[in-house]
Amino acid sequence: VRGHDKMGHVSTICNDDVGKDEVNAICQEQGYKMGTLADVRDYQPAGSRRTNQEQDFQPFGHTNLNCDSKAAIVLSDCKMDKYQDSKVPCFNGQQLAVKCADEKWSFKVTHMMLKT
């Protein structure tokens, strides 16, 4: 999840304490019904997932995102702190990433076999 400030600088939100309400607010604002947390490294250029290269990540702009279950617009309905005012550091790999969908995943296991 990336944001742009008035000057056009791109930053991310730290995923610290982000839960279902925050993820769903982000996804619903984008037109989806629901979402789940994702690993930000899945969205990095090929090969950087394993190396965790610092230059591939956007800087942190906010942390402590907090939304209630009725939040519809993240910037107006949720609260968050500026990262520079935070007392707890965030590290690479903690950039907030979400996967959004309109339907829940479901699996039905009908058979399990033991390989010998």
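Select Asn64 to begin, which lies in strand β4 (residues 60–66); helices (H or I, at least four residues) and strands (E, at least two) are DSSP runs numbered from the N terminus. The model is predicted, so that local features were kept only at a pLDDT of at least 70 and side-chain atom pairs only at 80 or more, while totals for chains, interfaces and linings use all residues. Numbering starts from 1 along each chain as its sequence is written, and side-chain values rest on heavy atoms, without hydrogens or water.

Staying on Asn64, check the backbone: phi is positive, about 55°, although the residue is not a glycine. Asn64 counts as partly exposed because its relative accessibility is 30%, where buried means under 20% relative accessible area, exposed over 50% and partly exposed in between (1.4 Å probe, protein chains only).

Ser86 and Asn64 stand 22 residues apart in sequence, yet their C-alpha atoms are 8.5 Å apart in space. With a relative accessible area of 23%, Ser86 is partly exposed.

Next, show the rings. Searching the whole structure gives one aromatic pair, and its members, Phe60 and Tyr83, are tilted, with 5.2 Å from centre to centre and 35° between the planes; rings of Phe, Tyr and Trp (its six-membered ring) pair if their centres lie within 6.5 Å, and planes under 30 degrees apart count as stacked, over 60 as edge-to-face and the rest as tilted. Distant parts of the chain are linked by this pair, since Phe60 belongs to strand β4 and Tyr83 to the loop between β5 and β6, 23 residues away. Is Phe60 buried or exposed? Phe60 is buried, as its relative accessible area is 17%, whereas Tyr83, at 21%, is partly exposed.

Move on to Asp17, in the loop between β2 (10–13) and α1. Here phi is near 65°, again a positive value in a residue other than glycine. Asp17 counts as exposed because its relative accessibility reaches 64%.

The largest share, four residues, comes from β2.

For the second largest pocket, select Asn24, Met34, Gly35, Thr36, Lys99, Cys100, Ala101, Glu103, Lys104 and Trp105, which line it. The elements that give two or more residues to this lining are β3 (34–37) and β6.

Finally, colour the chain by pLDDT, the predictor's confidence in each residue from 0 to 100. The protein has a mean pLDDT of 85, and 90% of its residues reach 70 or more. Which helix has the highest confidence, and which the lowest? Helix α1 (residues 20–29) is highest, at a mean of 95, and helix α2 (residues 48–51) is lowest, at 53.

Technical notes
1 Å grid on protein atoms, 1.4 Å probe; cavity = no way out; pocket = protein on both sides within 12 Å on 5 of 7 lines; lining within 4 Å.
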